[in-house]
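Biologist: I am new to this structure. Could you walk me through it, one question at a time?

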Amino acid sequence: MNANRRILSGVRTGFLYLLLFAFLTPFLLIIMNSFKTTQQFFESPLSLPATINFKNYASAFDNMDFMQGFMNSLIITGISVTIIIIFSAMTGYLFVRYKWKVNSIFFFLMLASMALPFQVLMIPMVMLYGNMGLLNTKLTLLFMYLGFGVPFGVFTFHGFIKGIPYELEESAFIEGSTTLRTFFSIVLPLLKPVFVTLLVLDVLWIWNDYLLPSLVLLSPDQKTLPLSTYTFFSSYSVDYAPLMAGLIMTIIPVLIIYLFLQKQIIKGITEGALK
Amino acid sequence: MNKKLSLKNAGTFLVFGGPSIFAFAAVVIIPFIVGLYLTFTNWDVRTGDSSLIGFTNYLEVFRDKVFLQQLWFTLKYVFFTVVIANVFAFFIALALTRGGRGEQWLRTGFFTPNLVGGIVLGYLWQTLFSQVLPYLGAKYGWELFQTSWLTNTGTAFWALIIATAWQLVGYLMIIYIAGFTGVPNDVLEAASIDGAGRTSVIRRIILPLTVPAIVICIFISLSRSFLTYDINLALTKGGPFNSTELATYHIVQKAFLSNQYGVGQAEAVVLFAVVAIIALTQSYLLKKLEVES
(Lines give C-alpha, C1' and ligand atoms only; values in the text may rest on other atoms or scores of the structure.)
Protein backbone atom coordinates (compact mmCIF):
# COMPACT_ATOMS: atom_id res chain seq x y z
CA MET A 1 0.00 0.00 0.00
CA ASN A 2 2.64 2.44 1.11
CA ALA A 3 5.03 1.39 -1.66
CA ASN A 4 2.24 1.69 -4.20
CA ARG A 5 1.41 5.15 -3.06
CA ARG A 6 5.04 6.19 -3.25
CA ILE A 7 5.32 4.92 -6.81
CA LEU A 8 2.13 6.74 -7.74
CA SER A 9 3.37 10.00 -6.30
CA GLY A 10 6.71 9.50 -8.05
CA VAL A 11 4.93 9.02 -11.36
CA ARG A 12 2.87 12.12 -10.74
CA THR A 13 5.92 14.24 -9.91
CA GLY A 14 7.67 12.89 -12.99
CA PHE A 15 4.70 13.81 -15.13
CA LEU A 16 4.62 17.32 -13.66
CA TYR A 17 8.30 17.85 -14.43
CA LEU A 18 7.65 16.71 -17.98
CA LEU A 19 4.79 19.17 -18.24
CA LEU A 20 7.03 21.93 -16.92
CA PHE A 21 9.67 21.00 -19.48
CA ALA A 22 7.12 21.30 -22.28
CA PHE A 23 5.90 24.58 -20.80
CA LEU A 24 9.39 26.05 -20.80
CA THR A 25 10.35 24.77 -24.29
CA PRO A 26 9.91 28.24 -25.84
CA PHE A 27 12.67 29.57 -23.57
CA LEU A 28 14.90 26.55 -24.20
CA LEU A 29 14.56 26.87 -27.98
CA ILE A 30 15.47 30.55 -27.91
CA ILE A 31 18.47 29.94 -25.61
CA MET A 32 19.72 27.03 -27.73
CA ASN A 33 19.46 28.96 -30.96
CA SER A 34 20.98 32.13 -29.61
CA PHE A 35 24.35 30.36 -29.85
CA LYS A 36 24.01 29.42 -33.53
CA THR A 37 24.33 31.51 -36.67
CA THR A 38 21.10 32.62 -38.30
CA GLN A 39 21.85 30.18 -41.15
CA GLN A 40 22.16 27.25 -38.71
CA PHE A 41 18.96 28.33 -36.99
CA PHE A 42 17.02 28.26 -40.26
CA GLU A 43 18.45 24.86 -41.18
CA SER A 44 17.88 23.04 -37.89
CA PRO A 45 16.19 25.02 -35.11
CA LEU A 46 15.80 21.92 -32.96
CA SER A 47 19.38 20.68 -32.81
CA LEU A 48 21.78 21.58 -30.04
CA PRO A 49 24.35 24.22 -30.97
CA ALA A 50 27.63 22.66 -32.14
CA THR A 51 29.71 25.19 -30.25
CA ILE A 52 28.91 27.70 -27.56
CA ASN A 53 30.04 31.08 -28.77
CA PHE A 54 28.88 34.43 -27.57
CA LYS A 55 29.20 36.26 -30.89
CA ASN A 56 25.46 36.90 -31.09
CA TYR A 57 25.45 38.24 -27.59
CA ALA A 58 28.30 40.63 -28.33
CA SER A 59 26.56 41.78 -31.50
CA ALA A 60 23.19 42.25 -29.74
CA PHE A 61 24.89 44.04 -26.86
CA ASP A 62 26.33 46.64 -29.25
CA ASN A 63 23.48 46.93 -31.72
CA MET A 64 20.64 47.30 -29.27
CA ASP A 65 22.65 49.66 -27.07
CA PHE A 66 22.06 47.26 -24.24
CA MET A 67 24.02 49.18 -21.62
CA GLN A 68 22.13 52.39 -22.23
CA GLY A 69 18.73 50.69 -22.12
CA PHE A 70 19.74 48.76 -19.05
CA MET A 71 20.94 51.87 -17.20
CA ASN A 72 17.80 53.84 -18.14
CA SER A 73 15.58 50.97 -16.99
CA LEU A 74 17.57 50.61 -13.79
CA ILE A 75 17.34 54.32 -12.94
CA ILE A 76 13.66 54.60 -13.79
CA THR A 77 12.62 51.41 -12.01
CA GLY A 78 14.83 52.08 -8.99
CA ILE A 79 13.70 55.65 -8.39
CA SER A 80 10.01 55.17 -9.18
CA VAL A 81 9.66 52.12 -6.95
CA THR A 82 11.42 53.93 -4.09
CA ILE A 83 9.27 57.04 -4.27
CA ILE A 84 6.07 55.05 -4.73
CA ILE A 85 6.81 53.04 -1.59
CA ILE A 86 7.90 55.95 0.63
CA PHE A 87 5.16 58.38 -0.38
CA SER A 88 2.36 55.83 -0.32
CA ALA A 89 3.46 54.64 3.13
CA MET A 90 3.27 58.25 4.40
CA THR A 91 -0.09 58.86 2.77
CA GLY A 92 -1.45 55.55 4.00
CA TYR A 93 -0.43 56.58 7.52
CA LEU A 94 -2.07 60.00 7.12
CA PHE A 95 -5.32 58.41 5.94
CA VAL A 96 -5.45 55.92 8.81
CA ARG A 97 -4.53 58.23 11.66
CA TYR A 98 -6.29 61.46 10.67
CA LYS A 99 -9.97 61.16 9.97
CA TRP A 100 -10.34 64.38 8.02
CA LYS A 101 -12.98 64.69 5.35
CA VAL A 102 -10.43 65.54 2.66
CA ASN A 103 -8.54 62.37 3.51
CA SER A 104 -11.51 60.12 3.06
CA ILE A 105 -12.37 61.82 -0.22
CA PHE A 106 -8.90 61.19 -1.63
CA PHE A 107 -8.82 57.65 -0.28
CA PHE A 108 -12.10 56.94 -2.00
CA LEU A 109 -10.86 58.48 -5.27
CA MET A 110 -7.72 56.36 -5.12
CA LEU A 111 -9.71 53.17 -4.53
CA ALA A 112 -12.05 53.99 -7.39
CA SER A 113 -9.17 54.80 -9.75
CA MET A 114 -7.76 51.32 -9.43
CA ALA A 115 -10.52 50.07 -11.70
CA LEU A 116 -9.57 52.65 -14.33
CA PRO A 117 -7.60 51.21 -17.23
CA PHE A 118 -4.54 53.14 -18.39
CA GLN A 119 -6.04 53.38 -21.86
CA VAL A 120 -8.67 55.88 -20.68
CA LEU A 121 -5.96 58.20 -19.35
CA MET A 122 -3.27 57.85 -21.96
CA ILE A 123 -4.57 60.16 -24.70
CA PRO A 124 -5.39 63.19 -22.50
CA MET A 125 -2.19 62.61 -20.55
CA VAL A 126 0.06 62.69 -23.59
CA MET A 127 -1.88 65.70 -24.84
CA LEU A 128 -1.60 67.69 -21.59
CA TYR A 129 2.04 66.92 -20.89
CA GLY A 130 2.92 67.39 -24.55
CA ASN A 131 1.33 70.84 -24.57
CA MET A 132 3.33 71.81 -21.52
CA GLY A 133 6.51 70.56 -23.20
CA LEU A 134 7.13 68.02 -20.46
CA LEU A 135 7.52 64.91 -22.57
CA ASN A 136 10.82 63.23 -23.32
CA THR A 137 12.37 63.48 -19.89
CA LYS A 138 12.86 60.76 -17.31
CA LEU A 139 11.54 63.11 -14.64
CA THR A 140 8.05 63.20 -16.19
CA LEU A 141 8.03 59.42 -16.48
CA LEU A 142 9.02 59.05 -12.81
CA PHE A 143 6.26 61.45 -11.82
CA MET A 144 3.72 59.47 -13.84
CA TYR A 145 4.78 56.17 -12.31
CA LEU A 146 4.36 57.78 -8.89
CA GLY A 147 0.84 58.91 -9.79
CA PHE A 148 -0.16 55.51 -11.17
CA GLY A 149 1.55 53.53 -8.42
CA VAL A 150 0.24 55.51 -5.46
CA PRO A 151 -3.37 54.21 -5.31
CA PHE A 152 -2.40 50.56 -4.92
CA GLY A 153 0.46 51.50 -2.57
CA VAL A 154 -1.75 53.62 -0.31
CA PHE A 155 -4.44 50.94 -0.31
CA THR A 156 -1.96 48.24 0.70
CA PHE A 157 -0.32 50.31 3.44
CA HIS A 158 -3.70 51.53 4.69
CA GLY A 159 -4.84 47.99 5.39
CA PHE A 160 -1.63 47.15 7.21
CA ILE A 161 -1.28 50.35 9.28
CA LYS A 162 -4.86 49.96 10.54
CA GLY A 163 -3.65 46.85 12.37
CA ILE A 164 -0.80 48.63 14.20
CA PRO A 165 -1.79 49.64 17.75
CA TYR A 166 -1.80 53.40 18.19
CA GLU A 167 -0.26 53.16 21.69
CA LEU A 168 3.20 52.71 20.17
CA GLU A 169 3.05 56.12 18.58
CA GLU A 170 1.25 57.72 21.50
CA SER A 171 4.14 57.17 23.88
CA ALA A 172 6.49 58.74 21.34
CA PHE A 173 4.24 61.79 21.08
CA ILE A 174 4.18 62.14 24.86
CA GLU A 175 7.95 62.25 24.84
CA GLY A 176 7.70 65.13 22.39
CA SER A 177 8.49 63.40 19.10
CA THR A 178 7.11 65.07 15.95
CA THR A 179 4.71 63.24 13.65
CA LEU A 180 7.39 62.94 10.97
CA ARG A 181 9.95 61.53 13.36
CA THR A 182 7.44 59.14 14.90
CA PHE A 183 6.49 57.90 11.49
CA PHE A 184 10.05 57.26 10.36
CA SER A 185 11.39 55.76 13.57
CA ILE A 186 8.38 53.78 14.81
CA VAL A 187 5.88 53.11 12.04
CA LEU A 188 8.13 52.67 9.00
CA PRO A 189 10.21 49.79 10.44
CA LEU A 190 6.98 47.89 11.14
CA LEU A 191 5.96 48.07 7.49
CA LYS A 192 8.69 45.79 6.14
CA PRO A 193 6.40 42.93 5.00
CA VAL A 194 4.33 45.35 2.91
CA PHE A 195 7.49 46.87 1.39
CA VAL A 196 8.44 43.53 -0.03
CA THR A 197 5.01 42.96 -1.57
CA LEU A 198 4.96 46.36 -3.22
CA LEU A 199 8.59 46.17 -4.26
CA VAL A 200 7.99 42.92 -6.11
CA LEU A 201 4.81 43.99 -7.87
CA ASP A 202 6.08 47.44 -8.81
CA VAL A 203 9.47 46.23 -10.06
CA LEU A 204 7.86 43.64 -12.34
CA TRP A 205 5.38 46.24 -13.61
CA ILE A 206 7.78 49.12 -14.25
CA TRP A 207 10.75 47.10 -15.50
CA ASN A 208 8.63 45.40 -18.16
CA ASP A 209 6.36 48.31 -19.06
CA TYR A 210 6.35 49.28 -22.70
CA LEU A 211 3.35 51.46 -23.54
CA LEU A 212 3.89 54.36 -21.12
CA PRO A 213 7.63 54.83 -21.80
CA SER A 214 6.95 54.54 -25.53
CA LEU A 215 4.57 57.51 -25.26
CA VAL A 216 6.74 59.64 -22.99
CA LEU A 217 10.36 58.92 -23.94
CA LEU A 218 10.91 59.92 -27.53
CA SER A 219 14.65 60.31 -28.05
CA PRO A 220 16.89 57.24 -28.53
CA ASP A 221 19.19 57.99 -25.59
CA GLN A 222 16.25 57.88 -23.14
CA LYS A 223 15.08 54.39 -24.16
CA THR A 224 14.37 51.77 -21.53
CA LEU A 225 15.15 48.10 -22.18
CA PRO A 226 11.71 47.15 -23.60
CA LEU A 227 11.95 50.12 -25.98
CA SER A 228 15.44 49.10 -27.12
CA THR A 229 14.20 45.56 -27.70
CA TYR A 230 11.41 46.92 -29.86
CA THR A 231 13.73 49.11 -31.94
CA PHE A 232 16.25 46.30 -32.27
CA PHE A 233 13.62 43.88 -33.54
CA SER A 234 12.10 46.37 -35.95
CA SER A 235 15.46 47.14 -37.56
CA TYR A 236 17.04 43.66 -37.55
CA SER A 237 13.94 41.69 -38.41
CA VAL A 238 15.59 38.94 -40.49
CA ASP A 239 18.84 38.30 -38.66
CA TYR A 240 17.37 36.04 -36.00
CA ALA A 241 20.48 34.87 -34.18
CA PRO A 242 21.46 38.20 -32.57
CA LEU A 243 17.77 38.95 -31.99
CA MET A 244 17.39 35.83 -29.87
CA ALA A 245 20.53 36.71 -27.95
CA GLY A 246 19.01 40.15 -27.37
CA LEU A 247 15.83 38.58 -25.95
CA ILE A 248 17.79 36.39 -23.57
CA MET A 249 19.86 39.35 -22.40
CA THR A 250 16.72 41.35 -21.68
CA ILE A 251 15.32 38.51 -19.60
CA ILE A 252 18.50 37.82 -17.59
CA PRO A 253 18.34 40.83 -15.18
CA VAL A 254 14.84 39.93 -13.93
CA LEU A 255 15.76 36.26 -13.85
CA ILE A 256 18.64 37.01 -11.48
CA ILE A 257 16.35 38.97 -9.15
CA TYR A 258 13.84 36.12 -9.35
CA LEU A 259 16.39 33.48 -8.36
CA PHE A 260 17.23 35.44 -5.23
CA LEU A 261 13.73 36.56 -4.31
CA GLN A 262 11.46 33.82 -5.64
CA LYS A 263 9.83 33.09 -2.27
CA GLN A 264 9.06 36.78 -1.68
CA ILE A 265 7.86 37.24 -5.26
CA ILE A 266 5.35 34.44 -4.95
CA LYS A 267 4.27 35.72 -1.55
CA GLY A 268 4.02 39.25 -2.94
CA ILE A 269 1.76 38.18 -5.80
CA THR A 270 -0.47 36.22 -3.45
CA GLU A 271 -0.85 39.10 -1.03
CA GLY A 272 -1.22 41.65 -3.79
CA ALA A 273 -4.04 39.70 -5.38
CA LEU A 274 -5.92 38.77 -2.25
CA LYS A 275 -6.01 42.32 -0.89
CA MET B 1 -6.49 60.76 17.01
CA ASN B 2 -9.15 63.20 15.96
CA LYS B 3 -7.46 66.55 15.69
CA LYS B 4 -9.38 68.88 13.43
CA LEU B 5 -7.80 69.84 10.14
CA SER B 6 -6.63 73.39 10.72
CA LEU B 7 -3.85 75.69 9.60
CA LYS B 8 -1.59 74.20 12.26
CA ASN B 9 -1.72 70.67 10.96
CA ALA B 10 -2.23 71.54 7.33
CA GLY B 11 1.53 71.05 7.34
CA THR B 12 1.07 67.40 8.29
CA PHE B 13 -1.36 66.96 5.42
CA LEU B 14 1.03 68.54 2.92
CA VAL B 15 4.09 66.64 4.09
CA PHE B 16 2.44 63.22 4.34
CA GLY B 17 -0.12 63.48 1.58
CA GLY B 18 1.27 66.21 -0.65
CA PRO B 19 3.56 64.34 -3.06
CA SER B 20 1.27 61.33 -3.58
CA ILE B 21 -1.93 63.31 -3.88
CA PHE B 22 -0.35 65.84 -6.23
CA ALA B 23 1.03 63.13 -8.52
CA PHE B 24 -2.23 61.16 -8.35
CA ALA B 25 -4.30 64.22 -9.24
CA ALA B 26 -1.98 65.30 -12.04
CA VAL B 27 -1.72 61.88 -13.62
CA VAL B 28 -5.11 60.29 -12.94
CA ILE B 29 -7.84 62.74 -11.92
CA ILE B 30 -7.11 65.64 -14.27
CA PRO B 31 -6.45 63.47 -17.36
CA PHE B 32 -9.63 61.54 -16.59
CA ILE B 33 -11.74 64.72 -16.54
CA VAL B 34 -9.96 66.23 -19.55
CA GLY B 35 -10.40 62.88 -21.31
CA LEU B 36 -14.16 62.90 -20.80
CA TYR B 37 -14.31 66.50 -22.04
CA LEU B 38 -12.16 65.54 -25.02
CA THR B 39 -14.71 63.02 -26.24
CA PHE B 40 -17.17 65.87 -26.81
CA THR B 41 -14.81 68.03 -28.85
CA ASN B 42 -13.22 67.87 -32.28
CA TRP B 43 -9.75 68.78 -31.04
CA ASP B 44 -7.19 68.94 -33.80
CA VAL B 45 -3.62 68.28 -32.82
CA ARG B 46 -2.03 70.26 -35.67
CA THR B 47 -4.08 73.45 -35.55
CA GLY B 48 -4.98 73.30 -31.87
CA ASP B 49 -8.60 74.13 -32.82
CA SER B 50 -11.25 72.66 -30.63
CA SER B 51 -14.98 73.12 -30.24
CA LEU B 52 -17.78 71.21 -28.57
CA ILE B 53 -19.53 68.80 -30.90
CA GLY B 54 -21.75 66.81 -28.53
CA PHE B 55 -22.00 63.09 -29.01
CA THR B 56 -20.59 63.06 -32.55
CA ASN B 57 -17.45 61.17 -31.49
CA TYR B 58 -19.47 58.45 -29.81
CA LEU B 59 -21.72 58.12 -32.87
CA GLU B 60 -18.53 57.87 -34.90
CA VAL B 61 -17.35 55.02 -32.66
CA PHE B 62 -20.51 53.01 -33.25
CA ARG B 63 -20.54 53.81 -36.94
CA ASP B 64 -16.92 52.74 -37.33
CA LYS B 65 -17.26 49.20 -38.69
CA VAL B 66 -13.55 48.55 -38.24
CA PHE B 67 -13.61 49.41 -34.54
CA LEU B 68 -16.71 47.32 -33.92
CA GLN B 69 -15.08 44.39 -35.71
CA GLN B 70 -11.99 44.81 -33.61
CA LEU B 71 -14.04 45.07 -30.45
CA TRP B 72 -15.72 41.78 -31.37
CA PHE B 73 -12.31 40.29 -32.16
CA THR B 74 -11.10 41.50 -28.75
CA LEU B 75 -14.11 39.96 -27.00
CA LYS B 76 -13.46 36.58 -28.62
CA TYR B 77 -9.76 36.82 -27.79
CA VAL B 78 -10.51 37.72 -24.16
CA PHE B 79 -13.03 34.91 -23.80
CA PHE B 80 -10.69 32.16 -25.01
CA THR B 81 -7.67 33.57 -23.18
CA VAL B 82 -9.56 33.77 -19.89
CA VAL B 83 -11.02 30.26 -20.20
CA ILE B 84 -7.81 28.56 -21.32
CA ALA B 85 -5.52 30.32 -18.84
CA ASN B 86 -7.86 29.70 -15.89
CA VAL B 87 -8.50 26.04 -16.65
CA PHE B 88 -4.79 25.27 -16.97
CA ALA B 89 -3.89 27.38 -13.93
CA PHE B 90 -6.59 25.67 -11.85
CA PHE B 91 -5.42 22.16 -12.60
CA ILE B 92 -1.71 22.90 -12.34
CA ALA B 93 -2.36 24.57 -8.98
CA LEU B 94 -4.40 21.55 -7.89
CA ALA B 95 -1.54 19.23 -8.78
CA LEU B 96 0.90 21.45 -6.91
CA THR B 97 -0.89 21.64 -3.55
CA ARG B 98 -0.70 17.99 -2.55
CA GLY B 99 2.54 18.30 -0.62
CA GLY B 100 4.59 16.23 -3.05
CA ARG B 101 8.33 16.59 -3.50
CA GLY B 102 9.75 19.44 -5.56
CA GLU B 103 6.53 21.47 -5.53
CA GLN B 104 8.40 24.67 -4.77
CA TRP B 105 10.59 24.17 -7.85
CA LEU B 106 7.66 23.38 -10.07
CA ARG B 107 5.79 26.48 -8.93
CA THR B 108 8.87 28.61 -9.53
CA GLY B 109 9.19 27.12 -13.01
CA PHE B 110 5.60 27.67 -14.07
CA PHE B 111 5.80 31.27 -12.96
CA THR B 112 8.87 32.25 -15.04
CA PRO B 113 7.00 33.60 -18.13
CA ASN B 114 5.72 36.40 -15.87
CA LEU B 115 9.18 37.81 -15.47
CA VAL B 116 9.18 38.62 -19.13
CA GLY B 117 7.55 41.80 -20.41
CA GLY B 118 4.97 41.71 -23.19
CA ILE B 119 7.37 43.00 -25.85
CA VAL B 120 9.99 40.32 -25.22
CA LEU B 121 7.31 37.67 -24.85
CA GLY B 122 5.73 38.71 -28.14
CA TYR B 123 9.01 38.52 -30.04
CA LEU B 124 9.86 35.20 -28.46
CA TRP B 125 6.63 33.67 -29.74
CA GLN B 126 6.96 35.50 -33.04
CA THR B 127 10.27 33.70 -33.61
CA LEU B 128 8.69 30.36 -32.75
CA PHE B 129 5.57 30.85 -34.85
CA SER B 130 7.27 32.31 -37.89
CA GLN B 131 10.42 30.13 -37.96
CA VAL B 132 10.40 27.05 -35.73
CA LEU B 133 6.88 25.73 -36.31
CA PRO B 134 7.01 26.09 -40.14
CA TYR B 135 10.32 24.20 -40.02
CA LEU B 136 8.56 21.34 -38.20
CA GLY B 137 5.70 21.53 -40.65
CA ALA B 138 8.04 21.21 -43.62
CA LYS B 139 10.17 18.48 -42.08
CA TYR B 140 7.40 16.18 -40.91
CA GLY B 141 4.75 17.22 -43.41
CA TRP B 142 2.33 18.52 -40.73
CA GLU B 143 -0.11 20.60 -42.65
CA LEU B 144 -1.07 22.64 -39.59
CA PHE B 145 2.38 24.20 -39.43
CA GLN B 146 3.24 24.39 -43.14
CA THR B 147 2.84 28.15 -43.23
CA SER B 148 3.54 30.59 -40.44
CA TRP B 149 0.57 30.99 -38.13
CA LEU B 150 1.08 34.73 -38.18
CA THR B 151 0.25 35.14 -41.87
CA ASN B 152 -3.34 33.92 -41.59
CA THR B 153 -6.05 35.71 -39.60
CA GLY B 154 -7.56 32.61 -38.01
CA THR B 155 -4.29 31.09 -36.86
CA ALA B 156 -2.79 34.45 -35.83
CA PHE B 157 -5.79 34.77 -33.49
CA TRP B 158 -4.82 31.52 -31.77
CA ALA B 159 -1.16 32.49 -31.73
CA LEU B 160 -2.12 35.61 -29.76
CA ILE B 161 -4.19 33.56 -27.33
CA ILE B 162 -1.44 30.97 -26.80
CA ALA B 163 1.20 33.62 -26.09
CA THR B 164 -1.03 35.52 -23.64
CA ALA B 165 -2.34 32.45 -21.85
CA TRP B 166 1.19 31.04 -21.55
CA GLN B 167 2.15 34.06 -19.49
CA LEU B 168 -1.06 34.31 -17.44
CA VAL B 169 -1.11 30.64 -16.34
CA GLY B 170 1.74 31.00 -13.83
CA TYR B 171 0.34 34.15 -12.27
CA LEU B 172 -3.14 32.71 -11.84
CA MET B 173 -1.69 29.41 -10.60
CA ILE B 174 -0.17 31.23 -7.63
CA ILE B 175 -3.49 32.77 -6.66
CA TYR B 176 -5.28 29.43 -7.04
CA ILE B 177 -2.65 27.78 -4.85
CA ALA B 178 -3.33 30.39 -2.17
CA GLY B 179 -7.04 29.66 -2.53
CA PHE B 180 -6.58 25.89 -2.21
CA THR B 181 -4.38 26.28 0.85
CA GLY B 182 -7.34 28.05 2.45
CA VAL B 183 -9.56 24.98 2.13
CA PRO B 184 -9.68 23.52 5.64
CA ASN B 185 -8.03 20.13 5.95
CA ASP B 186 -10.71 18.64 8.21
CA VAL B 187 -13.32 19.16 5.51
CA LEU B 188 -11.16 17.28 3.03
CA GLU B 189 -10.48 14.51 5.54
CA ALA B 190 -14.15 14.16 6.39
CA ALA B 191 -14.90 13.83 2.70
CA SER B 192 -12.30 11.13 2.18
CA ILE B 193 -13.57 9.21 5.23
CA ASP B 194 -17.03 9.37 3.73
CA GLY B 195 -15.53 7.80 0.64
CA ALA B 196 -15.74 10.73 -1.76
CA GLY B 197 -13.72 10.29 -4.95
CA ARG B 198 -11.22 12.84 -6.24
CA THR B 199 -13.59 14.30 -8.86
CA SER B 200 -16.45 14.79 -6.46
CA VAL B 201 -14.11 16.33 -3.89
CA ILE B 202 -13.02 18.86 -6.53
CA ARG B 203 -16.56 19.52 -7.71
CA ARG B 204 -18.38 19.61 -4.40
CA ILE B 205 -15.76 20.89 -1.97
CA ILE B 206 -12.78 22.57 -3.57
CA LEU B 207 -14.65 24.48 -6.29
CA PRO B 208 -17.31 26.08 -4.04
CA LEU B 209 -14.77 26.92 -1.33
CA THR B 210 -12.39 28.62 -3.73
CA VAL B 211 -14.94 30.90 -5.38
CA PRO B 212 -13.17 34.04 -4.08
CA ALA B 213 -9.92 32.94 -5.76
CA ILE B 214 -11.81 32.14 -8.96
CA VAL B 215 -13.44 35.58 -8.93
CA ILE B 216 -10.06 37.29 -8.51
CA CYS B 217 -8.40 35.17 -11.18
CA ILE B 218 -11.13 35.79 -13.72
CA PHE B 219 -11.08 39.48 -12.91
CA ILE B 220 -7.30 39.69 -13.32
CA SER B 221 -7.25 37.69 -16.54
CA LEU B 222 -10.18 39.72 -17.93
CA SER B 223 -8.63 43.09 -17.30
CA ARG B 224 -5.16 42.01 -18.38
CA SER B 225 -6.30 40.51 -21.66
CA PHE B 226 -8.70 43.35 -22.48
CA LEU B 227 -5.79 45.76 -22.28
CA THR B 228 -3.23 43.66 -24.13
CA TYR B 229 -1.04 45.93 -26.17
CA ASP B 230 2.61 44.97 -26.33
CA ILE B 231 2.12 41.26 -27.07
CA ASN B 232 -0.11 42.33 -29.95
CA LEU B 233 2.46 44.84 -31.17
CA ALA B 234 5.38 42.41 -31.04
CA LEU B 235 3.61 39.27 -32.23
CA THR B 236 1.48 40.34 -35.16
CA LYS B 237 1.67 44.15 -35.39
CA GLY B 238 -2.06 43.92 -36.04
CA GLY B 239 -1.45 42.03 -39.28
CA PRO B 240 -2.18 40.44 -41.65
CA PHE B 241 -4.08 43.47 -43.02
CA ASN B 242 -5.07 44.85 -39.59
CA SER B 243 -7.11 41.72 -38.95
CA THR B 244 -5.56 41.02 -35.53
CA GLU B 245 -5.69 44.50 -34.01
CA LEU B 246 -6.95 44.26 -30.46
CA ALA B 247 -8.97 47.21 -29.14
CA THR B 248 -6.10 48.87 -27.27
CA TYR B 249 -3.81 48.59 -30.27
CA HIS B 250 -6.47 50.17 -32.44
CA ILE B 251 -6.94 53.07 -30.01
CA VAL B 252 -3.22 53.83 -29.92
CA GLN B 253 -3.10 53.81 -33.72
CA LYS B 254 -6.17 55.98 -34.02
CA ALA B 255 -5.00 58.61 -31.57
CA PHE B 256 -1.28 58.83 -32.10
CA LEU B 257 -0.89 57.86 -35.75
CA SER B 258 -4.01 59.29 -37.35
CA ASN B 259 -4.32 62.13 -34.82
CA GLN B 260 -7.99 61.49 -34.13
CA TYR B 261 -7.76 62.18 -30.43
CA GLY B 262 -11.46 62.74 -29.77
CA VAL B 263 -12.62 59.56 -31.48
CA GLY B 264 -9.74 57.56 -30.00
CA GLN B 265 -10.65 58.76 -26.52
CA ALA B 266 -14.34 57.97 -27.09
CA GLU B 267 -13.28 54.46 -28.10
CA ALA B 268 -11.21 54.17 -24.93
CA VAL B 269 -14.24 55.19 -22.85
CA VAL B 270 -16.43 52.64 -24.64
CA LEU B 271 -13.78 49.95 -24.07
CA PHE B 272 -13.62 50.89 -20.38
CA ALA B 273 -17.41 50.60 -20.10
CA VAL B 274 -17.35 47.16 -21.74
CA VAL B 275 -14.59 45.92 -19.40
CA ALA B 276 -16.37 47.31 -16.34
CA ILE B 277 -19.72 45.76 -17.23
CA ILE B 278 -18.24 42.33 -17.93
CA ALA B 279 -16.00 42.35 -14.85
CA LEU B 280 -18.80 43.44 -12.51
CA THR B 281 -21.28 40.94 -13.95
CA GLN B 282 -18.90 38.01 -13.61
CA SER B 283 -18.00 38.80 -10.02
CA TYR B 284 -21.66 39.35 -9.11
CA LEU B 285 -22.71 36.04 -10.66
CA LEU B 286 -19.84 34.07 -9.16
CA LYS B 287 -20.20 35.65 -5.72
CA LYS B 288 -23.67 34.14 -5.55
CA LEU B 289 -22.05 30.70 -5.66
CA GLU B 290 -19.83 31.45 -2.69
CA VAL B 291 -20.24 29.30 0.42
CA GLU B 292 -18.81 29.35 3.93
CA SER B 293 -16.80 26.35 5.04
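**Salt bridges, interface and helices**

Modeller: This is a predicted model. Let us start with one pair: the side chains of B:Glu103 and B:Arg107 form a salt bridge, at 3.7 Å from N to O.

Biologist: By about how much of a helix are B:Glu103 and B:Arg107 separated?

Modeller: Both residues sit in helix α4 (residues 103-111) of chain B. They are four residues apart there, so the separation is about one helical turn.

Biologist: How many salt bridges does the structure hold over all chains?

Modeller: One is the pair B:Glu103 and B:Arg107. Another joins B:Asp64 to B:Lys254, with the closest N and O atoms 3.2 Å apart. Over all chains, the count is two.

Biologist: How far apart in sequence are the parts that B:Asp64 and B:Lys254 tie together?

Modeller: Both B:Asp64 and B:Lys254 are buried. B:Asp64 lies in the loop between α2 (56-63) and α3 (65-95) of chain B, while B:Lys254 lies in helix α11 (residues 247-257) of chain B. The pair therefore ties together parts whose distance in sequence is 190 residues.

Biologist: Now the interface. How much area do chain A and chain B bury between them?

Modeller: The size of an interface is often given as the accessible area lost when the parts come together. Here 87 residues of chain A contact 84 residues of chain B. Of the buried area, 81% is on carbon and sulfur atoms. The total is about 7,900 Å².

Biologist: Which residues of chain A lose the most area to chain B?

Modeller: Three residues stand at the top of that list, and together they give 9% of what the chain A side buries. They are A:Phe23, A:Trp100 and A:Ile123.

Biologist: Which helix gives the largest share of the side of chain A that touches chain B?

Modeller: That share is 15 residues. They come from residues 240-274 of chain A, which is helix α13.

Biologist: How many residue pairs are in polar contact across the interface of chain A and chain B?

Modeller: Salt bridges across this interface number zero. For polar contacts, both residues of a pair must be at pLDDT 80 or more. The count of such pairs is twelve.

Biologist: What span does helix α10 of chain A reach from its first C-alpha to its last?

Modeller: Helix α10 covers residues 192-208 of chain A, 17 residues in total. At 1.5 Å a residue, 24 Å is expected. Its buried residues include A:Val194, A:Leu198 and A:Trp207. The span reached is close to the expected one, at 24 Å.

Biologist: With which side chain does the side chain of A:Ser219 make a polar contact?

Modeller: A:Ser219 lies in the loop between α11 (211-216) and α12 (225-236) of chain A. At 19% relative accessibility, A:Ser219 counts as buried. The contact is at 2.9 Å, and the partner is A:Asp221.

Biologist: How far apart are the end C-alpha atoms of residues 156-180 of chain B?

Modeller: The unreviewed UniProt entry annotates these residues as one of the transmembrane regions of chain B. In the model, the chain there is 100% helix and 0% strand. The end C-alpha atoms are separated by 35 Å.

Definitions and conventions. Residues numbered from 1 in each chain as written. Chains lettered and ligands numbered in written order. Predicted model: local features only at pLDDT ≥ 70, side-chain atom pairs only at ≥ 80, totals over all residues. Heavy atoms only, no water. Helix = DSSP H or I, 4+ residues; strand = E, 2+ residues; numbered from the N terminus. Expected span 1.5 Å × (residues − 1). Buried < 20%, exposed > 50% of the residue type's maximum accessible area, 1.4 Å probe, protein only. UniProt positions renumbered as here; feature names shortened; annotations may be inferred. Contact = heavy atoms within 4.5 Å. Buried area = accessible area lost by both parts, 1.4 Å probe. Salt bridge = Lys/Arg side-chain N within 4 Å of Asp/Glu carboxyl O. Polar contact = N/O pair within 3.5 Å; in protein donor to acceptor, adjacent residues only side chain to side chain.
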